[in-house]
Amino acid sequence: MVKSKIDRDRLHRPTEAKASPDSQIREVDEVVIQVTQAFCPNGHNLVCNFKLLFDGEPGISLWVSDGEREGEVVLSPFHGDHSRQGLSDFDPGSKLTISCPICRHQLPRLSKCSCERGELFTLYLTPTLDDSHVVALCDIWGCHRSKVFDQAQLLSAYMDQ
Ligand SMILES: [Zn+2]
Ligand SMILES: [Zn+2]
């Protein structure tokens, strides 16, 4: 079986959302899936910033520009967690250009976002840049819609929130 770079065996809960030890259901509800690797079209691993951490784990680094300012934005690696570090004060609704922080290659567009303002850009989850293992995120700052293309429908359910 192909090993997905979404590590399904490492299910994390953010520290502030600790479930009480006797509530199993709550624990299930609060499972968070962590992206441990993501790649640009040139194969650079975007999980590369080990200084700006989320619950002790590295996030996904992107080079982001709104046409006036540009810089590194680090996304939380946990799905459902919309926190960001780095240059993270773009105006909500800004249309962004998203590139690899290492080679500055623009990340490929996938399709229109369902917010109807943005376009989804692609992060590959495997170093072989397999089209069936990608995460797509909206390029509008503040739009948290995303899609995941992976064999595991379970993951889609988490991503579509
Ligand atoms: Zn790159
Ligand atoms: Zn959108």
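## Strands β5 and β8

In β8, I98 is the bridge partner of V64, and T97 of that strand is the bridge partner of S65. The two strands, β5 and β8 (residues 97-99), pair in the antiparallel sense over three bridges, where two strands count as paired if DSSP finds at least two bridges between them. Helices and strands are themselves DSSP runs numbered from the N terminus, a helix being H or I over at least four residues and a strand being E over at least two.

This is a predicted model, in which local features need pLDDT of at least 70 and side-chain atom pairs count only at pLDDT 80 or more, while totals for chains, interfaces and linings use all residues. Residues are numbered from 1 along each chain as its sequence is written, and chains are lettered from A and ligands numbered from 1 in the order in which they are written.

## The chain as a whole

The chain holds two helices and 12 strands, which follow one another along the sequence in the pattern β-α-β-β-β-β-β-β-β-β-β-β-β-α. Of its 161 residues, 31% are buried, a residue being buried if 20 or more other C-beta atoms lie within 10 Å of its own, exposed if 12 or fewer do, and partly exposed in between, with C-beta atoms placed from the backbone.

## The open sheet around β5

Four strands form an open sheet in the order β7-β6-β5-β8, with antiparallel pairing. Because β7 (84-86) and β8 stand at the edges with a single partner strand each, one side of each is left without a neighbour in the sheet. Neighbouring strands of this sheet are turned by 35° against each other on average, direction ignored, the axes being lines fitted to C-alpha atoms.

Strand β5 (residues 60-65) has five of its six residues buried, and six bridges link β5 to β6 (residues 70-75) in the antiparallel sense, with S61 having V74 as its bridge partner in β6. Four residues lie between the strands in the hairpin of β5 and β6, where G67 takes a positive phi near 100°.

## V64 in its surroundings

V64 is found in strand β5 and counts as buried because it has 24 C-beta neighbours inside 10 Å. Apart from residues up to four places away in sequence, V64 touches E70, G71, V73, L87, L96 and I98. The C-alpha atoms of V64 and P101 are separated by 8.4 Å, although these residues are 37 residues apart along the chain.

Strand β9 (residues 109-112) pairs with β10 in the antiparallel sense over three bridges, and R109 stands opposite F121 in β10. Five bridges join β10 to β11, again antiparallel, and T122 has A136 as its bridge partner in β11.

The largest nonpolar core has 29 residues, of which A38, L46, I60, L62, L123, V135 and L137 touch the most other members; such a core is a set of buried Ala, Val, Leu, Ile, Met, Phe, Trp, Tyr and Cys residues joined through C-beta atoms within 7 Å. The elements giving two or more residues to this core are β5, β6, β10 (119-124) and β11 (134-138), and β11 gives the most, with five residues.

Technical notes: Axes are lines fitted to C-alpha atoms, for helices over the stretch in contact, and angles run from 0 to 180 degrees between N-to-C directions. Two residues are in contact if their C-beta atoms, placed from the backbone, lie within 7 Å.
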